[in-house]
Amino acid sequence: GYGIGRIIFPVWQNHRMVGWQGRCLDKDVSDKEPKYWFPPGSRSDTWLYNMDRARWCDSVVLVEGVLDVFKVGPSGVARFGKMTHPRQLTLLRAIWGTRSLIYLPDTNDPRAIDKAREEALDWQIRGLFSGGVEIVYLPKNRDPGSMEHEEIQKIIKEKTGKDIP
């Protein structure tokens, strides 16, 4: 089935499982198979991984993937890629529009950094988050998923003055 050779991460929104993401383990699937797998016909562009838990945090930390959320902690949400879909942005605004958003791009991918700058600038100009939008750059060539939670906390505190749980 779809889960062979993958870790399955259920996606919950509003206390309801809306889908899942399967992520391959490096050597368990061939190079011809996709690294990530979603249920056929699903709309992952309407999901934010960890939304239900993060909604209680003052600031949300936006990252690319599920493994990044594990390292960021309770305030992290993943959008399953480098780009925020308009439906995901609607969810972010509905929950954190009166609070702040911390954007944590992967610094090991120049395209991710460029996309983060573009999106953050657009959201700041439009005033979508009354507490502000701040990009926090990790050390060069680092991915949140490869770092320790305490290290990410410290960098976010130094760059924004905000504490994340």
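**Close-up views of a predicted model**

**View 1. Helix α3 and its cover.** The buried residues of helix α3 are covered by elements including α1 (51–54), β4, β5, β6 (100–103) and α4 (110–126). This is a predicted model: local features need pLDDT of at least 70 and side-chain atom pairs count only at pLDDT 80 or more, while totals for chains, interfaces and linings use all residues. Residues are numbered from 1 along each chain as its sequence is written, and side-chain values use heavy atoms, leaving out hydrogens and water. Helices (H or I, at least four residues) and strands (E, at least two) are DSSP runs, numbered from the N terminus. Buried means under 20% relative accessible area, exposed over 50%, and partly exposed in between (1.4 Å probe, protein chains only). Contact means heavy atoms within 4.5 Å.

View 2. Which residues of α3 (residues 86–96) are buried? They are Q88, L89, L92, I95 and W96. These residues lie on the same side of α3, because they cover an arc of only 135° around the axis. The arc is that of the directions from the helix axis to the C-beta atoms. An α-helix has 3.6 residues a turn, so residues three or four places apart point the same way. The face turned away from the buried side carries the exposed residues P86, T90 and A94.

**View 3. Strand β4, covered on both faces.** Strand β4 is largely enclosed by the rest of the structure, because 5 of its 5 residues are buried. S59, V61 and V63 lie on one side. V60 and L62 lie on the other. Two strands pair if DSSP finds at least two bridges between them. β4 runs parallel to β6, joined by 4 bridges. Here S59 stands opposite S100. β4 also pairs with β5 in the parallel sense, over 3 bridges. V63 has A78 of β5 as its bridge partner.

**View 4. The largest nonpolar core.** A nonpolar core is a set of buried Ala, Val, Leu, Ile, Met, Phe, Trp, Tyr and Cys residues joined through side-chain atoms within 4.5 Å. The largest has 20 residues. Which of them touch the most other members? They are Y49, V61, V63, V72, L104 and I156. At least two residues each come from β1, β4 (59–63), α2 (66–72) and α5 (149–160). Another core, of 18 residues, lies apart from it and includes M51, A116, A120 and W123.

**View 5. Around L104.** Neighbours within four places in sequence are left aside here. L104 is then in contact with V61, L62, V63, V72, V136, L138, P144 and I152.

View 6. Strand β2 (residues 16–24) is joined to β3 by 2 bridges. R23 stands opposite Y36 in β3.

View 7. C24 is buried, at a relative accessible area of 7%. C57 is buried too, at 10%. The structure holds 0 disulfides (pairs of cysteine sulfur atoms within 2.5 Å). R111 sits in helix α4. It counts as exposed, at 60% relative accessibility. R111 and K82 are 29 residues apart along the chain, and their C-alpha atoms are separated by 8.1 Å.

**View 8. Confidence.** pLDDT is the predictor's confidence in each residue, from 0 to 100. The protein averages 91, and 95% of the residues score at least 70. Confidence is highest in strand β5 (residues 76–78), at 98. It is lowest in strand β3 (residues 36–37), at a mean of 84.
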